[in-house]
Amino acid sequence: MHMVIYSLVEASTEDEALSTGKTVFDRLVGTDPHAGAVFDYHVTFDEVDTSLAGKARWGDLPTAAPVDSDDGQDLLERGWEATNEEFERNLERVKEAIDELSDEEIMRDEDLARHAFHQVGAYDGPTVFLYDEYANGIRHREQLDRVLEETQDLWIVPADVHF
């Protein structure tokens with residue numbers, strides 16, 4: 001499956017933001033020997049020679065945008081809304097499992113209950129859409145606000161990832 005994730009990076013130019021963003025995405029796909037793979041591969045929106053990912057799949061997203069620009073705010077909102085929606089969806093599944101299933105049924109992963117528990121607690125992967133420049137998933141609003149407040153020259157870089 002494909003999804004668009006976003007990296008929030010400090011940079012002084014679009015090229016620097018894209019380069020730092022690619023480093024984040026490389027870590028998330030395991031090309032960095034010190035990082036485990038969370039996704040299979042990534043395609044950034046500067047790549048034009050792909051027919052199944054990036055612009056070919058999602059349309060013409062900015063390659064990178066300052067967070068305080070209109071494009072940057074749009075990308076940030078998309079990333080945060082997607083993270084929040086996935087969390088709420090999985091949290092509802094957890095609550096239903098607790099209310100409706102026995103401990104044994106949960107242990108057997110009936111209705112993918114344990115999977116939902118795992119997704120609610122995930123630090124990265126398909127339920128987290130925003131990452132800082134160290135490839136750490138941004139999981140709650142206070143964490144996002146801290147990145148937004150403490151980082152100067154903040155850019156957002158989107159990438160299409162496969163998992």
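1. The charged end of Arg141 sits over the ring of Trp80, 5.7 Å from the ring's centre. This is a predicted model, and the cut-off for such a placement is 6 Å from the ring centre, within 35 degrees of the ring normal.

2. Ring against ring is another matter. The structure holds zero aromatic pairs. A pair would need ring centres within 6.5 Å.

3. Thr83 belongs to helix H3, residues 70–100. Is Thr83 buried or exposed? Thr83 is buried: its relative accessible area is 5%, and the threshold is under 20%. Residues up to four places away in sequence aside, Thr83 touches Thr127, Val128, Phe129, Leu130 and Ile138.

4. Helix H1 covers residues 14–28, which makes 15 residues.

5. Which residues of H1 are buried? They are Ala17, Leu18, Gly21, Val24, Phe25 and Leu28. Viewed down the axis of H1, the buried residues fall within an arc of 120°, so they line one face of the helix.

6. What do the buried residues of H1 pack against? Their partners are strand S1 (2–10), strand S2 (41–44), strand S4 (130–131) and strand S5 (154–162). Leu130, a contact of Thr83, falls within the range of S4.

7. The backbone just after H1 deserves a look. There, Gly30 takes a positive phi of about 85°.

Conventions: Residues numbered from 1 in each chain as written. Predicted model: local features only at pLDDT ≥ 70, side-chain atom pairs only at ≥ 80, totals over all residues. Heavy atoms only, no water. Helix = DSSP H or I, 4+ residues; strand = E, 2+ residues; numbered from the N terminus. Expected span 1.5 Å × (residues − 1). Buried < 20%, exposed > 50% of the residue type's maximum accessible area, 1.4 Å probe, protein only. Arc of directions from axis to C-beta. Contact = heavy atoms within 4.5 Å. Phe/Tyr/Trp six-rings, centres within 6.5 Å; stacked < 30°, edge-to-face > 60°.
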